[in-house]
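The sequence and coordinates are shown first, and a reading of selected features follows.

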Amino acid sequence: MDTEKVTKVYSVYSGFYDLLFGKIFHDSRVAAINLLGLRSGDRVLEVGVGTGLSLPLYPRNCTVIGIDLTGPMLVKGAKKIQRLGLGHIHLQQMDATHMAFGDSLFDAVLAAYVMSTVPDPRQVLAEMSRVCRPGGRIVLLNHFSNGNRLISRVEKTISPLCTWIGFRSDLCLKSLLDETCLDVEQNLKVNPFNYWHIVQCVNRKPAHGAAH
Ligand SMILES: C[S@@+](CC[C@H](N)C(=O)[O-])C[C@H]1O[C@@H](n2cnc3c(N)ncnc32)[C@H](O)[C@@H]1O
């Protein structure tokens, strides 16, 4: 999937995204935000914020920036911010592969249901690590391919089909984290169907620079 295709697919989704993916993934979004371990005054980045389903869940004593590639998804998010008076949250249209933020700007970074939709997940994770401060939290909420050989084979087979509906099914956590400066603190399976994982990482990059 290239970025043009991602934008096209999610522009179509934007009209009914909340209806399809709102309630069913609500509890896992709550759990993922809890695992960011936010403290008063923290600066948070949410990558691939979409229609902003997670935005009402952030504490008001933090500053939150949400980025996304797809304009129509962000329009929905902006409406939520206005309707709910979420003045501590700001949205920007941006490609997570090349973020326009300086190094180490954020205390915590979340990507919820995003890593399987981006064309280059390793580059996005490298960017998340770059913009997150040393010792900061990075949380990934995503499906990762199962160690089970049979399931992995099925996931690999159906992955080209899945890209037509906006995600890939065969992303491997181990290869995603390979050669990063991220330490996994917790890896929890979450509903629906325990098919999804919340991976809580600490950014161990050196204090003076980026991960690579
Ligand atoms: C499945 S939706 C997840 C939305 C939201 N995080 C949620 O929990 O419902 C994936 C989102 O990632 C965005 N996305 C995909 N590739 C991206 C990229 N390279 N940079 C920024 N956003 C991207 C899509 O536009 C879409 O809004």
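Does Thr-97 count as buried or exposed? Thr-97 counts as buried because its relative accessibility is 11%, where buried means under 20% relative accessible area, exposed over 50% and partly exposed in between, with a 1.4 Å probe and protein chains only.

**Basis of the values**

The model is predicted, so that local features need pLDDT of at least 70 and side-chain atom pairs count only at pLDDT 80 or more, whereas totals for chains, interfaces and linings use all residues. Residues are numbered from 1 along each chain as its sequence is written, and side-chain values use heavy atoms, with hydrogens and water left out.

**Surroundings of Thr-97**

Thr-97 belongs to the loop that links strand S3 (89-93) and S4; helices (H or I, at least four residues) and strands (E, at least two) are DSSP runs numbered from the N terminus. Its side chain makes a polar contact of 2.7 Å with the side chain of Asp-95. A polar contact is a pair of N or O atoms within 3.5 Å; within protein, one must be able to donate a hydrogen and the other to accept it, and residues adjacent in sequence count only if both atoms are side-chain atoms. Apart from neighbours within four places in sequence, Thr-97 is in contact (heavy atoms within 4.5 Å) with Gln-123, Val-124 and Glu-127.

**Strand pairing**

Strand S1 (residues 43-47) has four of its five residues buried. S1 pairs in the parallel sense with strand S2 (residues 63-68) over five bridges, and pairing requires that DSSP find at least two bridges between two strands. Arg-43 has Thr-63 as its bridge partner in S2. S1 also pairs in the parallel sense with strand S4 (residues 106-112), over four bridges. Within this pairing, Leu-45 stands opposite Val-109 and Val-47 stands opposite Ala-111. S4 and S5 run parallel and are joined by six bridges, with Ile-138 in S5 as the bridge partner of Val-109. Seven of the seven residues of S4 are buried, so this strand is largely enclosed by the rest of the structure.

**Nonpolar cores**

A nonpolar core is a set of buried Ala, Val, Leu, Ile, Met, Phe, Trp, Tyr and Cys residues joined through side-chain atoms within 4.5 Å. The largest such core has 29 residues, and those with the most contacts inside it are Leu-45, Val-47, Met-99, Met-128 and Leu-140. At least two residues of this core come from each of S1, S2, S4, helix H5 (121-131), strand S5 (132-142), helix H7 (173-177) and strand S7 (196-203). H5 gives the most, with four residues. Leu-140 itself, with neighbours within four places in sequence left aside, is in contact with Ala-111, Met-115, Leu-125, Met-128, Leu-176, His-197, Ile-198 and Val-199. A second, separate core of 24 residues includes Phe-25, Leu-35, Tyr-58 and Trp-196.

**Ligand site**

The ligand is surrounded by 21 residues, the closest being Tyr-17, Gly-48, Asp-68, Thr-70 and Ala-112; a residue is included if one of its heavy atoms lies within 4 Å.

| Protein atom | Ligand atom | Distance |
|---|---|---|
| Arg-29, polar side-chain atom | oxygen | 2.9 Å |
| Thr-70, polar side-chain atom | oxygen | 2.6 Å |
| Ala-112, polar backbone atom | nitrogen | 2.8 Å |

The protein covers 97% of the 590 Å² of accessible area that the ligand has on its own, as computed by the Shrake-Rupley method with a 1.4 Å probe.

**Two further buried polar residues**

Thr-51 lies in the loop between S1 and S2 and is buried because its relative accessible area is 1%. A polar contact of 2.6 Å joins its side chain to that of Asp-18. Leaving aside neighbours within four places in sequence, the contacts of Thr-51 include Ser-14, Tyr-17, Met-73 and Lys-80. Thr-51 and Tyr-10 are 41 residues apart in sequence, with a C-alpha to C-alpha distance of 10.0 Å.

Asn-203 is part of strand S7 and counts as buried, since its relative accessibility is 1%. The Asn-203 side chain reaches the backbone oxygen of Cys-132 at 3.0 Å and that of Arg-133 at 3.5 Å. Beyond residues up to four places away in sequence, Asn-203 touches several residues, among them Ser-129, Pro-134, Ile-138, Cys-181 and Leu-182.
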